[in-house]
Amino acid sequence: MDWGTELWDQFEVLERHTQWGLDLLDKYVKFVKERAEVEQAYAKQLRFSQQQSFVQLLQEVNDFAGQRELVAESLGIRVCLELAKYSQEMKQERKMHFQEGRRAQQQLENGFKQLENSKRKFERDCREAEKAAHTAERLDQDINATKADVEKAKQQAHLRNHMAEESKNEYAAQLQRFNRDQAHFYFSQMPQIFDKLQDMDERRATRLGAGYGLLSEAELQVVPIIGKCLEGMKVAAESVDAKNDSQVLIELHKSGFARPGDLEFEDFSQVINRVPSDSSLGTPDGRPELRAASSRSRAKRWPFGKKNKTVATEDFSHLPPEQQRKRLQQQLEERNRELQKEEDQREALKKMKDVYEKTPQMGDPASLEPRIAETLGNIERLKLEVQKYEAWLAEAESRVLSNRGDSLSRHARPPDPPTTAPPDSSSSSTNSGSQDNKESSEEPPSEGQDTPIYTEFDEDFEEPASPIGQCVAIYHFEGSSEGTVSMSEGEDLSLMEEDKGDGWTRVRRKQGAEGYVPTSYLRVTLN
């Protein structure tokens, strides 16, 4: 069975069906295109930055992402691109066939209109001829009519009969032509067009089926490699070493400071007996001086206060001893590499100069002197820098060893970790150990000057600040330490300052109280 025979009178049905087929093809192309975009986005999401504990896992994930990219590329080229191009070709072919069918329909309709016109003309001419014949016969029988009128009426009747005969012949010829065109239209022309549409639609369905198969084929091609990637991920998951991770964290973040010693008793009763004098500076009772002294004491021992920006120095003395030692070691290794590079360049220039001296036609030896002199200057400069960094490194290492000795002598064993809230002096180490002696010999920093790490905690919050987010207390916390604030479980708080890496976050309660609470006790939402 074919369309041209069985569906000879279903032109509109075939038009809708072929359009539906092309729409289905376009819909599948769109689906595969979106699937390829999803695969591409999925692959991008899998390519996050590598971390120390997950290098092997991320390598496998990276390979897995590469396979997803291959799937996306295969779908994009073999399915989307080719089927989209094929769809355009099908649309052009369909358009051509239906244009041909509409032209044939239009020609048949025009022939039918001409047939109807010739038929109506023949009918009209016959009525006019009959009317003219009746008129001539009536005048012929009328005794009052003149001979001229009778002759004129007979000539008019003869003319109308002749015109009716011509219309009859034209109508017969037009009818014969229309029947021939109609037979050609229904038995030859339209069946051929419908057969072409049938062949086009079958080719489209076959190509679409092949496109369906390409979707699964693209997945099957990467399944073995993806299986290996997943096995590699499993191996990577089993190779995680928690103890090693803890050791790495210690090496990265330990400051090298000694643990703080016992706090000294500050006798505030001494100011009661002090007699103010006219030459005294400040208030008569001396309270500003006492408050300044106590604030300096807090600056050395409170580890959770706001930290002012520190000025970076060349010897990294602004850093904790352990971090200073690491940075100095890095700088020393970098200077040694630069020194080796300059020495190699000097040797190469010397060899080139020797070649020029032996074979002057290759170049002028004197042209190398400025470069040799510049290299020698760089070598001398780098040697001085190496010596300087070696001295700083030796001093930093001795300070680290000294702090370790002081810490071990004061504490037989490290304190047990807290169970409810962090204590005010053990979450992060202060610089009171090695810095107390240093501060005793130096003057206190002036106002506005950048201070070292672990500076004074601003307990008064003089500058009103707007919240940068909201947070909810997950656990109850009793703010018994200086600078902290209490909170109840489920309480809504305003976030005033994010965690700076010491495990504490500054918040404000609805009653207005403001202070620090453990970051792990909060669920934070930034604005």
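**Salt bridges, an open sheet and a surface patch**

The side chains of Glu-514 and Arg-508 meet in a salt bridge, with N and O 3.2 Å apart. A salt bridge here is a side-chain nitrogen of Lys or Arg within 4 Å of a carboxyl oxygen of Asp or Glu. The model is predicted: local features need pLDDT of at least 70, side-chain atom pairs count only at pLDDT 80 or more, and totals for chains, interfaces and linings use all residues. Residues are numbered from 1 along each chain as its sequence is written, and side-chain values use heavy atoms, with hydrogens and water left out.

Glu-514 is buried, at 19% relative accessible area. Arg-508 is partly exposed, at 24%. Buried means under 20% relative accessible area, exposed means over 50%, and partly exposed lies in between (1.4 Å probe, protein chains only). Salt bridges with shared partners join Glu-497, Arg-506, Arg-508 and Glu-514 into one network. Arg-506 belongs to strand S3. Its side chain makes a polar contact of 3.0 Å with that of Glu-497. Another polar contact, also of 3.0 Å, joins the side chains of Arg-506 and Glu-514. A polar contact is a pair of N or O atoms within 3.5 Å; within protein, one must be able to donate a hydrogen and the other to accept it, and residues adjacent in sequence count only if both atoms are side-chain atoms.

Strand S3 is part of an open sheet. The sheet has 5 strands in the order S4-S3-S2-S1-S5, with antiparallel pairing. Strands S4 (514-518) and S5 (522-526) stand at the edges; each has a single partner strand, so one side of each is left without a neighbour in the sheet. Neighbouring strands are turned by 40 degrees against each other on average, direction ignored. Axes are lines fitted to C-alpha atoms, for helices over the stretch in contact, and angles run from 0 to 180 degrees between N-to-C directions. S3 (residues 504-508) and S4 run antiparallel and are joined by 5 bridges. Thr-505 has Val-517 of S4 as its bridge partner. Two strands pair if DSSP finds at least two bridges between them. Helices (H or I, at least four residues) and strands (E, at least two) are DSSP runs, numbered from the N terminus.

The count of salt bridges comes to 18. One of the salt bridges links Asp-199 and Arg-203, at 3.0 Å from N to O. Asp-199 and Arg-203 are 4 residues apart in helix H4 (residues 147-238), so about one helical turn separates them. Asp-199 is partly exposed, at 40%. Arg-203 is also partly exposed, at 30%. A further salt bridge pairs Lys-353 with Glu-369, whose closest N and O atoms are 2.2 Å apart. Lys-353 lies in helix H7 (residues 321-358) and Glu-369 in helix H8 (residues 369-410), so the pair ties together parts 16 residues apart in sequence. Lys-353 is partly exposed, with a relative accessible area of 22%. Glu-369 is partly exposed as well, at 33%.

Trp-8, Tyr-186 and Phe-187 make a nonpolar surface patch of about 370 Å². Patches are made of residues with over 30% relative accessible area and no salt bridge; like charges are joined within 9 Å, and nonpolar side chains (Val, Leu, Ile, Met, Phe, Trp, Tyr) within 5 Å. Trp-8 lies in the loop between helix H1 (3-6) and helix H2 (11-46). Trp-8 is partly exposed, at 42%.

Methods:
Accessible areas come from the Shrake-Rupley method with a 1.4 Å probe; for residues, only the protein chains shown count as cover.
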